[in-house]
Amino acid sequence: SIQDSAGTKIGVSDFPINDSVADLSEYVDTDLSRSFVPGESYWTQGLGVHGTKVASIAAAGTDDTVNIASLANLPKNHAGKLIVALRTLSGDPTSLPDSLQQRAQRALAYVSSSLGGVVRVVNHSWGGPLCKGSLNYPQTLRDAFRNAFLSDISLVTASGNEGACNPTCTQVGDTCFAYPAAFPD
């Protein structure tokens, strides 16, 4: 069945969103947005690039003079704060005390539990290749995705933008998959 999705809030699990992009900033819910990166409490910054692009595809205005337009084709006068920034990525991940998987788990728990159904879609434009045979991904991350899904949250994931398969994928019939997109359930 097809439903009207007007007003659906979209979580963007990514780098910070550039809050100076006029055509996008009016659609960001500043009250609900959070950073899950230890020591970096800001979810927005003037130099955000990838998070800004992802959020723009989801909710930037159209039919105006700004050089961004979304797939949602929102009218210029749409009043909804549709984007919830969920900062999980950082420029220097090696300096952090935790992993992207742990930050993503906290972001999904926040959306699933704390926000109680306010965010209906979460985009994760990140991931990595792993061998299917090993299924070497954190079970806790898979559980976080499953719990979000069971909370009626639609999960959008990258299907493999870059990266080579682990060279240990040498078993006959072994295949490389991009996780979290390839979680079996």
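In which strand does A178 lie? In the predicted model described here, A178 belongs to strand β7, which spans residues 176–179. With a relative accessibility of 13%, below the 20% under which a residue is called buried, A178 counts as buried. Between A178 and W126 there is a separation of 52 residues in sequence, while their C-alpha atoms are 9.3 Å apart in space.

The protein chain as a whole contains four helices and seven strands, and these elements follow one another from the N terminus in the order β-α-β-α-β-α-β-β-α-β-β. Of the 185 residues in the protein chain, 43% are buried, and the accessible surface of the chain amounts to about 9900 Å², with 52% of that area belonging to carbon and sulfur atoms. When contacts between residues at least 6 apart in sequence are considered, 77% of them join residues at least 24 apart.

Five of the strands form an open sheet with parallel pairing, in which the strand order is β2-β3-β1-β4-β6. Strands β2 and β6, the latter covering residues 154–157, stand at the edges and have a single partner strand each, so that one side of each is left without a neighbour in the sheet. Strand β1 (residues 9–14) runs parallel to strand β4 (residues 119–124), and the two are joined by five bridges; within this pairing, V12 stands opposite N123 in β4. Helix α2 packs on the sheet, where it touches β1, β3 (83–87) and β4, and its direction makes an angle of about 160 degrees with that of β1. Helix α3 likewise packs on the sheet, touching β2, β3, β4 and β6, with its direction at about 165 degrees to that of β4.

Strand β1 also pairs with β3, again in the parallel sense and over five bridges, and here S13 is the residue that stands opposite L86 in β3. The strand is mostly covered, since six of its six residues are buried. This cover extends to both faces of β1, with K9, G11 and S13 buried on one side and I10, V12 and D14 buried on the other.

Turning to the aromatic side chains, a search of the whole structure finds three aromatic pairs. In one of them, the ring centres of F36 and Y110 are 5.7 Å apart and the ring planes lie at 55 degrees, so this pair is tilted. The pair links distant parts of the chain, as F36 is located in the loop between β2 (34–35) and α2 (50–59), whereas Y110 is located in helix α3 (residues 100–114), and the two residues are 74 residues apart. Both F36 and Y110 are buried. Another tilted aromatic pair is formed by Y179 and F183, with a distance of 5.8 Å from centre to centre and an angle of 45 degrees between the planes. Y179 and F183 are both buried as well, and together with F145 they form one aromatic cluster.

Terms used: Residues numbered from 1 in each chain as written. Predicted model: local features only at pLDDT ≥ 70, side-chain atom pairs only at ≥ 80, totals over all residues. Heavy atoms only, no water. Buried < 20%, exposed > 50% of the residue type's maximum accessible area, 1.4 Å probe, protein only. Contact = heavy atoms within 4.5 Å. Areas by Shrake-Rupley, 256 points an atom, 1.4 Å probe, with all protein chains shown as cover. Phe/Tyr/Trp six-rings, centres within 6.5 Å; stacked < 30°, edge-to-face > 60°. Pairing = 2+ DSSP bridges. Axes fitted to C-alpha atoms, helices over the stretch in contact; angles between N-to-C directions.
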